[in-house]
Amino acid sequence: MLLDFAKAGGLLPAVIQNHATQEVLMVGFMNQEAYEKTRQEKVVTFFSRTKNRLWTKGETSGNFLHVVSIQADCDQDTVLIKVNPVGPVCHTGARTCFEPAPQEGELLEEQNASVVFLEYLENLIQNRRNNPLEKSYTNLLFEKGIQKIAQKVGEEAVETVIDAVAGNTDRLKEEVADLLYHLLVLLAASDLKLHDVVQILQERHRK
């Protein structure tokens, strides 16, 4: 991909978009070095105009932007980068740089908050797979392999059924949480995403 860095004095805008939701998350600037680093390492790196250096998004917060694809515009002077984000993107704590920062104690609408957290958890699990963390339970599962992960899903499913039949609603919530988590790990280990499953549900719903 031949990009025109000269037009804006060595920098070009990089529009960052959530691969799963198509939501625009932020806009930054890249020089040639930042672009090459992003392309090679598959993690978004910008050029900071205030600090006059490269900075990898998430280098201090851990909220990395894992690259899915990079596309140039028709003039080759702007790039669109689709990513799988880990955590909120804005430094204010907001999900994107185009929405208000959450106020202390403020909660998202319940349904939206649930979807956002599942997306965050899925991305965090994938990040653990790509960037192992010592003593991480998630990484322990990945190390043991898909058979062990599938076994855990089966165990949690059985415990979920037991508590549902017994009417133990408090325990049921905990077991379903364990089941959802292990299902997300199983999907990641199988190179699938929750979005792939939702697509099946949407197709069935249309029939």
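**From the domain boundary to the hairpin**

Mentor: Domain 1 and domain 2 bury about 550 Å² between them, with carbon and sulfur atoms giving 45% of that area. The size of an interface is often expressed in this way, as the accessible area lost when the parts come together. Keep in mind that this is a predicted model. The contact involves 5 residues of domain 1 and 6 residues of domain 2, and the C-alpha centres of the two domains are 29 Å apart. Domain 1 covers 12–85 and domain 2 covers 112–206.

For the whole chain, the C-alpha trace spans about 70 × 40 × 40 Å along its principal axes. There are 6 helices and 6 strands, in the order β-β-α-β-β-β-β-α-α-α-α-α from the N terminus. Of the 207 residues, 34% are buried. Among contacts with a separation of 6 or more, 47% join residues 24 or more positions apart.

Now the sheet. Four strands form an open sheet in the order S2-S1-S6-S5, and the pairing is mixed. Its edges are S2 and S5 (65–72), each of which pairs on one side only. Between neighbouring strands the average turn is 25°, direction ignored. In general, strands of a sheet pair through backbone hydrogen bonds, either parallel or antiparallel.

Strand S1 takes residues 12–18 and strand S2 residues 24–30, and the two pair in the antiparallel sense over 6 bridges. Two of the partner assignments can be followed residue by residue: Pro 13 has Phe 29 of S2 as its bridge partner, while Gln 17 has Val 24 of S2. Between the strands lie 5 residues, and in this hairpin Gln 22 has a positive phi near 70°.

A positive phi also occurs just after helix H5, where Asp 191 takes about 60°. H5 itself runs over residues 169–189 and has 21 residues; from first C-alpha to last it reaches 30 Å, close to the 30 Å expected at 1.5 Å a residue. Its buried residues include Glu 175, Tyr 181 and His 182. The run from Leu 184 through Val 185, Leu 186 and Leu 187 to Ala 188 is also buried, as is Leu 179.

Methods
Residues are numbered from 1 along each chain as its sequence is written. This is a predicted model: local features need pLDDT of at least 70, side-chain atom pairs count only at pLDDT 80 or more; totals for chains, interfaces and linings use all residues. Side-chain values use heavy atoms; hydrogens and water are left out. Two strands pair if DSSP finds at least two bridges between them. The expected span of a helix is 1.5 Å times one less than its number of residues. Buried means under 20% relative accessible area, exposed over 50%, partly exposed in between (1.4 Å probe, protein chains only). Axes are lines fitted to C-alpha atoms, for helices over the stretch in contact, and angles run from 0 to 180 degrees between N-to-C directions. Domain bounds come from an automatic or database domain assignment. Contact means heavy atoms within 4.5 Å. Buried area is the accessible area (1.4 Å probe) that two parts lose on being put together, summed over both.
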